[in-house]
Amino acid sequence: MTVEREHCAGPAGRARPGNADWLTGARITAVLGVYYRPEGRAGEPEAVEFVLAEDQSVLLTCTSDRTLRVTPGSWPRLPEWCVPASQWHHAPPALLPPVPYGGAWTVVGTQEVRDDGGEVLRAVIRCEEGDFVVVAGDTMAIRFEPRP
């Protein structure tokens with residue numbers, strides 16, 4: 001699967017065109033938060049990066065209007081806005097489950113919840129084992145909702 005810039009995001013604050021299912025079929029090998037090091041992991045991540053089996057990643061960040069921006073990630077490098085880089089790090093967000101047996105979560109679909117202006121407020125990445133729910137705000141919030 002190829003994650004290309006035109007399929008992931010437009011400029012910050014603009015709705016991403018097209019179908020939200022562009023990630024379907026991808027295998028997620030890791031979910032990492034991007035943290036500002038002086039705050040440690042006590043706070044919420046500034047961004048969430050989904051590392052894919054195809055040596056690619058997808059980065060979800062908050063925009064200034066508390067909406068989500070979805071772009072290709074730069075794993076294993078930090079995003080270019082992490083300046084100075086020595087003050088930032090990747091780490092698994094608290095309370096997410098370990099990678100399932102087999103080494104990856106397989107994406108079976110995605111859903112975006114948008115506001116009246118078409119901006120993405122919440123992204124749900126549906127996997128066979130459950131859903132990753134990413135919500136924008138002052139910082140990112142991510143949780144995993146297992147399948148019953």
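This is a predicted model: local features need pLDDT of at least 70, side-chain atom pairs count only at pLDDT 80 or more; totals for chains, interfaces and linings use all residues.
Which residue in strand 5 is the bridge partner of Val-34? Residues are numbered from 1 along each chain as its sequence is written, and side-chain values use heavy atoms, with hydrogens and water left out.

**Figure 1. The protein chain has one helix and nine strands.** Along the sequence, the pattern reads α-β-β-β-β-β-β-β-β-β. Helices (H or I, at least four residues) and strands (E, at least two) are DSSP runs, numbered from the N terminus. Of the 148 residues, 45% are buried; buried means under 20% relative accessible area, exposed over 50% and partly exposed in between, with a 1.4 Å probe and protein chains only. Among contacts (heavy atoms within 4.5 Å) between residues at least 6 apart in sequence, 52% join residues at least 24 apart.

**Figure 2. Here is the largest nonpolar core, with 24 residues.** Such a core is a set of buried Ala, Val, Leu, Ile, Met, Phe, Trp, Tyr and Cys residues joined through side-chain atoms within 4.5 Å. Ile-28, Val-31, Phe-50, Leu-60 and Phe-132 touch the most other members. Among the elements giving two or more residues to this core are strand 4 (68-72) and strand 6 (105-114), and strand 7 supplies the largest share, four residues. A second, separate core of five residues includes Val-34, Leu-59, Cys-82 and Trp-88. Leaving aside neighbours within four places in sequence, Ile-28 is in contact with residues including Phe-50, Trp-105 and Ile-125. As general background, nonpolar side chains tend to be buried together in soluble globular proteins.

**Figure 3. Strand 1 and strand 5 pair in the antiparallel sense.** Strand 1 covers residues 27-36, and four bridges join it to strand 5; two strands pair if DSSP finds at least two bridges between them. Here is the reply to the opening question: Val-34 has His-90 as its bridge partner in strand 5. Both faces of strand 5 (residues 88-91) are covered, with Trp-88 and His-90 buried on one side and His-89 and Ala-91 buried on the other. In a regular strand, side chains alternate between the two faces of the sheet.

**Figure 4. Phe-50, Trp-105, Phe-132 and Phe-144 form one aromatic cluster.** The whole structure holds six aromatic pairs. Rings of Phe, Tyr and Trp (its six-membered ring) pair if their centres lie within 6.5 Å; planes under 30 degrees apart count as stacked, over 60 as edge-to-face and the rest as tilted. Phe-50 and Phe-132 make an edge-to-face pair, 5.6 Å centre to centre with 80 degrees between the planes. Phe-50 lies in strand 2 (residues 47-52) and Phe-132 in strand 8 (residues 130-135), so this pair ties together parts 82 residues apart in sequence. Phe-50 is buried at 0% relative accessible area, and Phe-132 is buried at 0% relative accessibility.

**Figure 5. Phe-144 lies in strand 9.** At 15% relative accessibility, Phe-144 counts as buried. Leaving aside neighbours within four places in sequence, its contacts include Leu-96, Pro-97, Trp-105 and Phe-132. The C-alpha atoms of Phe-144 and Glu-129 are 9.5 Å apart, and these residues are 15 apart along the chain.
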